[in-house]
Number of protein chains: 2
Amino acid sequence: MTGTSTPGTGTGTSGTSTGRPRDPAVDRRIAAAAVELFGRAGWAGFSLEAVAREAGVGKASIYLRWSAKEDLLTDALASRLVDVADADTGTLRGDLLRLAHQMLALYLGESSRAAMRMTVEAPSIPGVAQRWDAMRDAQVLAARAMVRRGIRRGEIPDDTSVTMLLDTLCGGVVMHVSSAPGHLRERLVADLDDYAEGLVDFLLGAVHRPG
Amino acid sequence: MTGTSTPGTGTGTSGTSTGRPRDPAVDRRIAAAAVELFGRAGWAGFSLEAVAREAGVGKASIYLRWSAKEDLLTDALASRLVDVADADTGTLRGDLLRLAHQMLALYLGESSRAAMRMTVEAPSIPGVAQRWDAMRDAQVLAARAMVRRGIRRGEIPDDTSVTMLLDTLCGGVVMHVSSAPGHLRERLVADLDDYAEGLVDFLLGAVHRPG
């Protein structure tokens, strides 16, 4: 994630009149509450006061750290969402498996509803759209770097469509997770490894197609 | 779409005291306003009164037709969303191309925001979740029927994963559309035919992989 600063780092003091150092546990509780509230109620139901209530902390704890709810939401998302980041495992298959698992964790984890909702609402929230786009751009760049390394290593053809491979990989995960009925969720989670391997091998087969 | 009844069909009279027949243009305006409002403001901002305001019709026009906002929303979605339906073009490639175009129309059309939002919010709207699930189930069945016909005709191997093929096709479309920056939207729309062909051929290549 780029372009974001997370709460809980920095000067180490909250600036309250008591002079107590900031409590990382409180920061974590606030971030978790912000993400949960946004996922449930959206931007329409999001306010500094509602987050304080959800987190069970005094309003002062929030207002001392954030003056705008846009900043609170983007900080909370940056610290709570699964980081879809580049990692060089040495093979394209290894890299894509890791990416598939990161995407599955993002859309099955406790912050998944907030992530889905951001896709819908971010463009219409001033002051959030830009930072959300920056976070997504960093993820797309990381994913594209994986595929390009695979091409450079000669693992897949030069003319492989990087976008097509990544759209179908990431989109396949989102569709798989979001189309599963609630009562099958446990089985879905139990079968994640098999699913990720099946998906990656299916798409690598497309890249290596004959002709 | 199954399990839904659309406004504008039926007895042909609205039951108003004037006895005038229902006006299909008004019905269409109400449905369009309901879908637009839901896409913009979500369930939190959705009410019979707000839809009347958005449509520029008197509240009575709404209340005479719908007593519950759940019914108005699902009727409006059923009549406005692009219908992803089965169609036998004679070949699997033809069927999948048609499906890709239906999905692209759904996620690029004027109701796309409402469709995306339903994915996030439907599970938590009592009285809507069930009808939305029924609409989606009908679409999934239609898509699976296409692939099964391809297997029966011997176009693709017997052991083709129907789910994997459809998850990556539909997910690829959603990812392609939702990750395109706003300023590239015109180009996206201009390139739809090429994109759909590229996507379908890429995935059919995966199904036919050697080994």
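This is a predicted model: local features need pLDDT of at least 70, side-chain atom pairs count only at pLDDT 80 or more; totals for chains, interfaces and linings use all residues.
**Two chains and the surface they share**

The same surface serves both copies, as 94% of the contact residues of chain B recur in chain A, where contact means heavy atoms within 4.5 Å.

Let us look at that surface. Chain B gives 33 residues to the contact and chain A gives 31. Between them the two chains bury about 2,700 Å², 71% of it on carbon and sulfur atoms; buried area is the accessible area (1.4 Å probe) that two parts lose on being put together, summed over both. Which residues of chain B lose the most area to chain A? They are V120(B), M164(B) and F202(B), together accounting for 25% of what that side buries.

Two salt bridges are found across the interface of chain B and chain A, each being a side-chain nitrogen of Lys or Arg within 4 Å of a carboxyl oxygen of Asp or Glu. A salt bridge joins the side chains of R117(A) and E121(B), at 2.9 Å from N to O. On the chain B side, α6 (112-121), α8 (162-178) and α10 (192-207) each supply at least two of the residues that touch chain A; helices here are DSSP runs of H or I, at least four residues long, numbered from the N terminus. The largest share, eleven residues, comes from α8(B).

Now turn to one residue within chain A. R153(A) sits in the loop between α7 (129-152) and α8 (162-178). R153(A) is partly exposed, with a relative accessible area of 36%; that class lies between buried, under 20%, and exposed, over 50% (1.4 Å probe, protein chains only). Leaving aside neighbours within four places in sequence, R153(A) is in contact with D88(A), G90(A), T91(A), L92(A) and D95(A). From C-alpha to C-alpha, R153(A) and L92(A) are 8.9 Å apart in space, though 61 residues apart in sequence.

Residues are numbered from 1 along each chain as its sequence is written, and chains are lettered from A and ligands numbered from 1 in the order in which they are written. Local features need pLDDT of at least 70, side-chain atom pairs count only at pLDDT 80 or more, and totals for chains, interfaces and linings use all residues, while side-chain values use heavy atoms, with hydrogens and water left out.
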